[in-house]
Structures are given as structure tokens and as C-alpha cells.
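Visitor: Could you walk me through how some helices pack here?
Guide: Gladly, let us look at the structure together.

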Amino acid sequence: MATDHEIEAIAQVRTLLTKVGLRTTAARLAVVRRLQGAKSPLSHAEVAENLVPLGFDKATIFRNLTDLVDAGLVSRTELGDHVWRFELKNPNHPDGHHPHFVCVDCGSVTCIHDGDIPKSSQKSWSKVGRVTEILLKGHCLTCVPQ
Ligand SMILES: [Zn+2]
Ligand SMILES: [Zn+2]
């Protein structure tokens, strides 16, 4: 049985998908819900890990991720390890970039949402090119506790 909270969440996803002209299929819904529940960008393999046991196949999951990227709901990032990672865009800041922190030891990825990028930095970057990804690397607190 779905709880009221889930019913409401599903209705929101449906509205989101309808707005960009996508039909709400079971697989698409499951993919969006999985991304909503994630605190960091997920690879196709990570999404599949959760959804294959529910009866969705990997190819369907991948196609849906790609559809969501094409529709502008999901951003796709590559953080230096040749793995595409997917995350839902913030509907309030669809073009807003946030930095990602990648642990060089375990490979975990963390979103850094707080702290805006200073306009002065953006200005100097624009002289170099168009920045599409901001990547920080280091040792996460699990690998090297402070
Ligand atoms: Zn780590
Ligand atoms: Zn992120």
C-alpha cells in the first residue's frame, strides 16, 4: 500500500514529466524516484542495482535516464573516471551548477550544495571557456577521518 506521502510524491513526478512532454511509465517513475532519494549523482549501474530487482531491465533504465537528460530534468556529469552519473536538476535552479567532491580513495561522490560560486570567479573562468563542471578531489571523511 502506498502512503499518502508517496501518492503525493508520485503525483509531483507525474506533473514534472507531463510538463516536459514525457509519459509517466512505471520505469520512468521508478528512475525519477530513485534519483530523488539520492544525495549524490548516481551511475547507471547504481540505479540499476536498485531497480533491476523490482523487475526493470538495465536497457530500459538507461533509456529512461537518457530521456530525462534530453528532457532537461536530469543532468549528466562525468567526474574524471569515465562514468556518467545522473542527478535530478533543482527545478528552482535548472541551470545552476554545484561543485562535486570526489574521494580519490573510495571514489564516492558528494554534492556540495551550500556556498554559491562567487561572481568574480565565474567572470575569470569565462575568459578561459565555458565551465560545465566543477570538481573537487580529496579524501572523504570515511577514508581519512579528521
Ligand atoms: Zn573515501
Ligand atoms: Zn550534485
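Visitor: How are H3 and H4 oriented to each other?
Guide: In this predicted model, the axes of H3 and H4 come within 10 Å and cross at roughly 125°, and H3 and H4 are therefore oblique to each other. Angles under 35 degrees count as roughly parallel, over 145 as roughly antiparallel, 65 to 115 as roughly perpendicular and the rest as oblique. Local features need pLDDT of at least 70, side-chain atom pairs count only at pLDDT 80 or more, totals for chains, interfaces and linings use all residues, and residues are numbered from 1 along each chain as its sequence is written.

Visitor: Which residues make the contact?
Guide: On H3 they are His44, Val47, Ala48 and Leu51, and on H4 they are Lys58, Ile61, Phe62 and Leu65, where contact means C-beta atoms, placed from the backbone, within 7 Å.

Visitor: Which residues of H3 are buried?
Guide: In H3, which spans residues 44–51, the buried ones are Val47, Ala48 and Leu51; buried means that 20 or more other C-beta atoms lie within 10 Å of a residue's own, while 12 or fewer means exposed and in between is partly exposed. They cover an arc of only 100° around the axis, which puts them on the same side of H3.

Visitor: What covers them?
Guide: The cover includes helix H2 (26–36), strand E1 (42–43) and helix H4 (58–70).

Visitor: And at what angle do H2 and H3 pack?
Guide: H2 and H3 pack at about 115°, with their axes 10 Å apart, and that makes H2 roughly perpendicular to H3. Ala30, Val31 and Arg34 in H2 meet Val47, Asn50 and Leu51 in H3.

Terms used:
Chains lettered and ligands numbered in written order. Helix = DSSP H or I, 4+ residues; strand = E, 2+ residues; numbered from the N terminus. Arc of directions from axis to C-beta. Contact = placed C-beta atoms within 7 Å. Axes fitted to C-alpha atoms, helices over the stretch in contact; angles between N-to-C directions.
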